[in-house]
Amino acid sequence: MMAPDSRDGTSSCACKGIRRCLICEHLTGKGQLEANKPKIVHHFLYNPETKLAEDAEGASFTFPGVFLWENFISEEEEKELLNHIDQDVWNESQSGRRKQDFGPKVNFKKRKVRFGGFSGLPALSQKLVLRMKLEPSLSDFQPVEQCNLDYHPQRGSAIDPHLDDSWLWGERLVTINMLSNTTLTMSLEEGLPGFGLAEEVQVAVHLPRRSLVVLYGEARHRWKHAIHREDVHERRVCSTYRELSSEFLPGGQQAELGAQLLNIALSFKGTPI
């Protein structure tokens, strides 16, 4: 189905609970929720060359679990991908985002998975997945789900600090960043007392346009990740690929279901659900 023409999608909002975007803030007259009192936050910047998180004063610590592949796709590939992505319907999501899902229907609270209308990952992703596998740390990566997200400054798009599920989704989260540069903010509320940082620590990971980023290990399971509203300066579209956890792989309790899901996913015949 062809998507509506509007690219900024400023006509409606799907925020719930404490979520906010510029659309609902305008409609309700309520601004972004602010903390009751200012909190101390230690800010660091991730250096992909040294794999260190560094601050303005020269302090640093090793920041494992991030892999950045610049220019993963070309300008022409980006144009082709966006042309196809925008032909599908974008569904309104929370905090000013829009989304397209290619994956099974999941109830994480009840830990239930069903096929629903899942027909596989989109065809254009096949060559991207093959390219990912050229990186040794992704040689065995088998994505079972793809989520496309659309961010736009006119909607105040963002995504709050969170940890992705680890019951169904596996060790690596792989994201392709398109249309604009942005910053992925990693945060650890309990700080790093061993480094003398008792308060929250945030590490900014700059994501260049057309780059690929992988979160794994501590960056996947311990540090929350977010995209803040102020870091969305132009339209941004990203595609995140997730793999299965060990419970759904050979030897796991739900290995048979996992095999069925992968068989569908890797047919690359998918349409958004």
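In the predicted model, Phe 268 is found in the segment that follows helix H5 (255-265). The phi angle of Phe 268 is near 55 degrees, a positive value in a residue other than glycine. With a relative accessible area of 9%, Phe 268 falls under the 20% limit and is therefore classed as buried. A positive phi is also found at Leu 179, where the angle is near 80 degrees, again in a residue other than glycine. Leu 179 belongs to the loop between E11 and strand E12 (182-188).

Strand E11 also contains Arg 172. The relative accessible area of Arg 172 is 12%, which is under 20%, so this charged residue counts as buried.

An open sheet of seven strands is present, with the order E3-E2-E1-E13-E12-E15-E10 and mixed pairing. Strand E3 (60-62) and E10 form the edges of this sheet, each pairing on one side only. Neighbouring strands of the sheet are turned against each other by 25 degrees on average, direction ignored. Within the sheet order, E2 and E1 are adjacent; strand E1 (residues 41-47) pairs with strand E2 (residues 52-54) in the antiparallel sense, over three bridges. Leu 45 has Glu 54, in E2, as its bridge partner. In general, strands of a sheet pair through backbone hydrogen bonds, either parallel or antiparallel.

The largest pocket of the model has a volume of about 1200 Å³. Its lining comprises 41 residues, and those nearest the centre of the pocket are Arg 97, Lys 99, Cys 147, Ile 159 and Arg 242. By class, the lining consists of 20 nonpolar, nine polar and 12 charged residues. At least two lining residues are supplied by each of strand E6 (98-102), strand E7 (105-107), strand E9 (143-151), strand E10 (159-162), strand E11 (169-178), strand E14 (212-215), strand E15 (224-227) and strand E16 (236-244). Two of these contributors, E10 and E15, also belong to the seven-stranded sheet, in which they are neighbours in the strand order.

Methods. Residues numbered from 1 in each chain as written. Predicted model: local features only at pLDDT ≥ 70, side-chain atom pairs only at ≥ 80, totals over all residues. Heavy atoms only, no water. 1 Å grid on protein atoms, 1.4 Å probe; cavity = no way out; pocket = protein on both sides within 12 Å on 5 of 7 lines; lining within 4 Å. Points joined across faces, edges and corners; volume = space filled by probe spheres on them. Helix = DSSP H or I, 4+ residues; strand = E, 2+ residues; numbered from the N terminus. Pairing = 2+ DSSP bridges. Axes fitted to C-alpha atoms, helices over the stretch in contact; angles between N-to-C directions. Buried < 20%, exposed > 50% of the residue type's maximum accessible area, 1.4 Å probe, protein only.
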